[in-house]
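I am opening a notebook on a structure that is new to me, and I want to write down what I looked up and in which order.

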Amino acid sequence: MQIYHIPWINTPVRTVLAIWHQLTKTEIPELAKCSVLMRERSRVEETIHAMQRAGAGNLQVISDFDMTLTRFAHNGKRVPTTHNILDNRLLINEDCTKKIRALLNTYYPIEIDPSRSAEEKLPLMVEWWTKVHELLIEQRIRKDMLAQAVKESSAMLRDGYKVFFDHLAEQRIPLLIFSAGVGDVLEEVIQQNHVFHPNVHIISNYMDFDQTGVLRAFKGQLIHTFNKREGALSHAAGLTELQGRPNVLLLGDSLGDLTMADGVSEHENILTIGFLNDQVEERKESYINSFDIVLVKDETMDVPNAVLRHITSSGNGK
Ligand code: TMP
Ligand code: MG
């Protein structure tokens with residue numbers, strides 16, 4: 001175009017064209033929400049389009065649970081994680097409550113501290129989880145009381161959770177929930193919300209009860225926020241329902257959650273969505289550098305739902 005040869009007009013024209021291109025390309029309006037941050041918007045759009053072309057039959061969803069599928073806060077109050085749901089007199093005494101809260105106050109700030117590396121955090125997380133699990137075992141928690149404790153808790157899935165779970169089930173897309181929380185409690189939460197569909201698979205810390213239904217240990221290798229890679233390689237990689245699905249939508253709220261897809265062999269496209277719930281200013285940069293889409297203080301599933309709707313809107317299926 002002749003106009004490009006006039007130097008002073010070159011930049012403004014290109015800017016206008018770039019803006020126009022972006023405006024006309026917005027097929028997912030939810031991505032324009034002000035809570036959405038993206039390092040490279042064009043890569044996000046290309047990945048979504050590639051996943052859409054491949055269809056629902058090639059997709060799997062891997063999601064963290066606490067503070068990813070569950071809300072971070074509601075009406076200004078923190079929503080309990082699966083561990084914190086156990087903080088109920090039906091299950092543990094007051095002294096144990098105090099000790100578990102003190103541990104949370106010590107270790108949670110370390111978990112989310114942007115100035116410490118994952119390597120530095122790892123042994124401290126093992127320490128936290130081990131201490132809490134030992135305290136829980138001492139309390140001789142009864143299996144038949146868990147459902148009641150979940151009912152009495154203020155556990156809450158994010159707004160739009162039903163659309164998320166139901167849509168994945170309808171489309172027969174496997175959903176792997178990969179949680180460092182307590183598996184038995186997690187199952188009860190999704191059961192009570194009527195979304196424990198057959199396409200849901202869970203990797204988590206499961207309680208081991210004795211014959212009388214009293215907690216005596218936790219099963220298998222401990223999962224904490226910074227060793228999900230090992231769990232992915234040893235457990236997720238073996239799940240037959242996930243085989244042959246090279247496209248992954250990953251949801252998490254911790255940088256450690258990014259390794260949840262490490263067990264997916266021969267993946268083609270991975271799109272990662274990170275909920276930035278807390279310490280926003282301090283962690284924004286590292287989240288933008290690590291997740292493809294960052295959702296800042298967004299308590300809804302609107303963006304994941306919109307992305308899923310788009311990926312499954314046509315394509316060849318399987
Ligand atoms: P997630 O992998 O499903 O997110 O679960 C791990 C979260 O649980 C992590 O962010 C820390 C939190 N947690 C507690 O809230 N209380 C505890 O006692 C422990 C050990 C972890
Ligand atoms: Mg989490």
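Before listing what surrounds the ligand, I note that a residue is taken as near a molecule if one of its heavy atoms lies within 4 Å of it. I also keep in mind that this is a predicted model.

**Entry 1, the ligand.** I looked up the shell of ligand 1 and found 16 residues around it, the closest being Asp-64, Asp-66, Thr-81, Ser-179 and Ala-180. I then asked which helices and strands each supply at least two residues of that shell. They are helix H3 (82-85), helix H4 (94-111), helix H5 (118-138) and strand S5 (175-182). Taken alone, ligand 1 exposes 490 Å², and the protein buries 99% of that. I recorded as well that ligand 1 sits in the largest pocket.

I found His-224 in the loop between strand S8 (215-218) and helix H9 (228-234). Is His-224 buried or exposed? It counts as buried, because its relative accessibility of 2% falls under the 20% cut-off. A polar atom of the His-224 side chain lies 3.1 Å from the backbone nitrogen of Phe-226.

Arg-140, which is not a glycine, has a positive phi of about 50 degrees, and I located Arg-140 in the loop between H5 and helix H6 (146-152). His-194 has a positive phi near 60 degrees and is found in the loop between helix H8 (183-192) and strand S6 (200-205). Arg-140 counts as exposed because its 54% relative accessibility is over 50%, and His-194 is exposed with a relative accessible area of 62%.

Last, I looked up Gln-279, which lies in the loop between strand S10 (269-276) and helix H10 (280-290). With a relative accessible area of 30%, Gln-279 is partly exposed. Leaving out neighbours within four places in sequence, Gln-279 is in contact with Ile-112 and Pro-114.

Definitions and conventions. Residues numbered from 1 in each chain as written. Chains lettered and ligands numbered in written order. Predicted model: local features only at pLDDT ≥ 70, side-chain atom pairs only at ≥ 80, totals over all residues. Heavy atoms only, no water. Helix = DSSP H or I, 4+ residues; strand = E, 2+ residues; numbered from the N terminus. Buried < 20%, exposed > 50% of the residue type's maximum accessible area, 1.4 Å probe, protein only. Contact = heavy atoms within 4.5 Å. Areas by Shrake-Rupley, 256 points an atom, 1.4 Å probe, with all protein chains shown as cover. 1 Å grid on protein atoms, 1.4 Å probe; cavity = no way out; pocket = protein on both sides within 12 Å on 5 of 7 lines; lining within 4 Å. Sits in = over half its atoms within 2 Å of the grid points. Polar contact = N/O pair within 3.5 Å; in protein donor to acceptor, adjacent residues only side chain to side chain.
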